[in-house]
Amino acid sequence: MRRRNLLAGLIGGTFLVTTGAACGTVDTVGKVAFTRPLLIPPLAPSHLDDQGRRVFTLHARAGHRDFGLGGLTPTWGYEGDYLGPTLRARRGERVMVNVVNNLDEPTSVHWHGMHLPARMDGGPHQTVRPGATWSPTWTVDQPATTLWYHPHPHGQTREHLNRGLAGLFVLDDDDPAQQRLPHDYGVDDIPVIVQDKSVGNGEFRDKNSGDVLLVNGTYGPYLDVVTERVRLRLLNASVSRTYAFGLADERPVALVGTDGGLLAAPATMERIRLSPGERAEIIVPVRAGERAVLRSFPPAGDGGRGFDGGKDQFDVLELRPAATLRKGPDLPDRFAPIPRLDEAAAVATRQFRLSGTNINGEKMDLDRIDAVVTKGTTEVWEVRNEDGQRHNFHVHDAQFQVLTVDGGRPPAELRGWKDTVFLPPGSEIRIILRFADYTDPNLPYMFHCHLLMHEDDGMMGQFVVVEPGQAPGRVPRGAGHDHG
Ligand code: C2O
Ligand code: CU
Ligand code: CU
């Protein structure tokens, strides 16, 4: 039944089909009426202060939005009702973000993928009280890429994200390759923030997965395309769902960037698998006047069991190319080589066993420092999923490189900079990280599973970066609850 369903057409939305599988399989392929123009998060305004810092402001607040989901949905957002504006800064710039909490409970804002001092990181130790303002400041010092920001309050990340708090943080640099890629924001360079929602009575239910997709907060989105190639900055900002994005007609796309920057060369891909928190930049070729659909295919990597949404598929976004398209520069066949971190130089190898909602048999303790790493050193972290369920692994502060996947060479999509990796059941991934600077013996960074129900349930640990020879300190009591 690929034909558009009449009912779906009438309500302008998604018609859901449940099969006999254990928890129900979601399949919206061919059933999404693409009736709404894709919303593009506005670029956040900023100004330079007297110290030359680029200053942004994010008010977190409650609101309402009519998504077309059966009424006004209560939401949270930054500078608006749902999601937040796209922050954008250039490598070398000093930035400051005034985070104003206009909610009636504490929250925090974490800069996912950003290399910055621990006290600016926005994790569970930097919560912002209602009515308070927190103003972290740091110097952007990493390659151009697509990062994002989201709340990180202890045990409540899922709830805060699900209500709508998230946004992109796009970094720019002077790499000439960026000029050879589509880079006109909102025209041929398009943010694609994908979230699944469970909706009841017009409200977002606090569920791990849903059967309705929102893209940038748009339900049933289409995008008018005016150029021969369009760059999509894909972000999986879902609670726990893993997607495998590709074009419905199986035409390949070019993967050009992953979490922490451009790959060494574009990789031709039919599917881009993204677990929660991961990003990918892809270049999609379109043909004049021919509509194309970005789809999420059943993601591999659940051992074929079909649970955790392993058999689900979605129509995500319709691309509507104009009758005549603007040409752009040809896609380069390579970018700058990625300097490889040297395994022989590693001073430590650590193991992280993921099981249930524990890491190495333990749950997150805000007062416990799980790992002490020394500034200026390189480490190898071996992460193993010992479960029958999916996990992923995210590290704050440092973009890392993947050394091996189940003992073998990583696939193309894992050969660039990453801050989050997917771990199918039973898999092992070895990563290499360099802790270049920013020491603080007391305030930790986090590492955790980014499936938010696992994270909130304690599947997280903490590490501090210290000076050579320095002893770790103590996490300050009630750290973060005093900002104001
Ligand atoms: Cu996306 Cu610890 O965060
Ligand atoms: Cu993070
Ligand atoms: Cu997990």
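Student: Leaving aside neighbours within four places in sequence, which residues is G277 in contact with?

Tutor: In this predicted model, G277 is in contact with H112, W148, L235, N236, T420 and H450. The word contact is used because heavy atoms of each pair lie within 4.5 Å.

Student: Why is G277 called buried?

Tutor: The relative accessible area of G277 is 1%. Buried means under 20%, so G277 is called buried. Its place is in the loop between β22 (272-274) and β23 (279-285).

Student: How far apart are G277 and L452 in sequence and in space?

Tutor: They are 175 residues apart in sequence, and 9.7 Å apart in space from C-alpha to C-alpha.

Student: Why is N98 called buried?

Tutor: N98 has a relative accessible area of 17%. The cut-off for buried is under 20%, so N98 is also called buried. This residue is found in strand β6 (residues 94-101).

Student: What makes the pairing of the N98 and S135 side chains a polar contact?

Tutor: The distance between the two side chains is 2.6 Å. A polar contact requires N or O atoms within 3.5 Å, one able to donate a hydrogen and the other to accept it, and the side chains of N98 and S135 make such a contact. Beyond the neighbours within four places in sequence, N98 is in contact with several residues, including V55, F56 and W134.

Student: Which protein donors does the copper ion (ligand 2) have?

Tutor: They are H110 (NE2) and H394 (NE2), lying 1.9 Å from the ion. H110 lies in strand β7 (residues 110-112) and H394 in strand β30, so this pair ties together parts that are 284 residues apart in sequence. H110 and H394 are buried.

Student: Why are β5 and β7 called edge strands?

Tutor: The open sheet has 4 strands in the order β5-β11-β10-β7, with mixed pairing. β5 (87-90) and β7 each pair on one side only. The twist from one strand to the next averages 25°.

Student: How do you know that β5 and β11 pair?

Tutor: Pairing requires at least two bridges, and β5 and strand β11 (residues 167-172) have 4 bridges in the parallel sense. L171 in β11 is the bridge partner of A89.

Definitions and conventions
Residues are numbered from 1 along each chain as its sequence is written. Chains are lettered from A and ligands numbered from 1 in the order in which they are written. This is a predicted model: local features need pLDDT of at least 70, side-chain atom pairs count only at pLDDT 80 or more; totals for chains, interfaces and linings use all residues. Side-chain values use heavy atoms; hydrogens and water are left out. Donors are N, O and S atoms within 2.8 Å of the metal (3.2 Å for Na, K and Ca); water is not among the atoms, so sites may look incomplete. Helices (H or I, at least four residues) and strands (E, at least two) are DSSP runs, numbered from the N terminus. Buried means under 20% relative accessible area, exposed over 50%, partly exposed in between (1.4 Å probe, protein chains only). Axes are lines fitted to C-alpha atoms, for helices over the stretch in contact, and angles run from 0 to 180 degrees between N-to-C directions.
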